[in-house]
Amino acid sequence: LTEATRWRTAFETASSLSERLCKEAEHKQAALDAATEAGTAAQNSVDRQRAAVKEAEEALAVQRRVLSEVEAEAARAAQQGREAAEQTRVARGEAQVAADEERKAREELERVGPRAAELSQKLALRDVSGSLGVDDVCDVL
């Protein structure tokens, strides 16, 4: 009987230990499952962040291209502005020359206008008499 009691005690101890180990294994499996789930969630988060970074890099590349195009357009506009300023400067110079020439022409007209009117009257008087000669034309000129 003693031997049977020992075996039963050993069996009960082993059974108790087995139950405890089984419960520990279940807890450890649950912890492993939770850790695996957390790791998967972390990996998914990393994947989403990488995708977001990739999208941000692509958007940045587009923005850089647009900025480059805007800078090029600004450079073209600045060049056109310089060219327009130069054309304006040249046009102002030409306009000043034309104004000076017009002023000189008006001064000349004012200077010769009275004499031309006088000669025109003389010519008209002589023409009325109907006898214009070479001397008359020379007088007018």
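A helix here is a DSSP run of H or I with at least four residues, a strand is a run of E with at least two, and both kinds are numbered from the N terminus. The model you are looking at is predicted, so local features need pLDDT of at least 70 and side-chain atom pairs count only at pLDDT 80 or more, while totals for chains, interfaces and linings use all residues. Residues are numbered from 1 along each chain as its sequence is written, and side-chain values use heavy atoms, with hydrogens and water left out.

Now step back to the whole chain. Its secondary structure amounts to two helices and zero strands. Of its 141 residues, 2% are buried, where buried means under 20% relative accessible area, exposed means over 50%, and partly exposed lies in between (1.4 Å probe, protein chains only). The chain has an accessible surface of about 12,200 Å², and carbon and sulfur atoms account for 58% of that. Such areas come from the Shrake-Rupley method with a 1.4 Å probe; for residues, only the protein chains shown count as cover.

Let us return to the charged side chains. Side chains of opposite charge can pair when their charged atoms come close. A salt bridge is counted when a side-chain nitrogen of Lys or Arg is within 4 Å of a carboxyl oxygen of Asp or Glu. Across the whole structure, a search finds nine salt bridges.

One of them joins our opening pair: the side chains of Arg65 and Glu69 meet at 3.6 Å, N to O. Arg65 has 47% relative accessibility and counts as partly exposed. Glu69 is partly exposed too, with a relative accessible area of 46%.

Further along, Glu73 and Arg76 form a salt bridge in which the closest N and O atoms are 2.7 Å apart. Why are Glu73 and Arg76 separated by about one helical turn? Because they are three residues apart in helix 1. Glu73 is partly exposed, at 43% relative accessible area, and Arg76 is partly exposed at 45%.

Our last stop is Glu118 and Arg115, whose side chains meet in a salt bridge of 3.1 Å, N to O. Both residues lie in helix 1, three residues apart, which is about one turn of the helix. Glu118 counts as partly exposed at 36% relative accessibility, and Arg115 counts as partly exposed at 41%.
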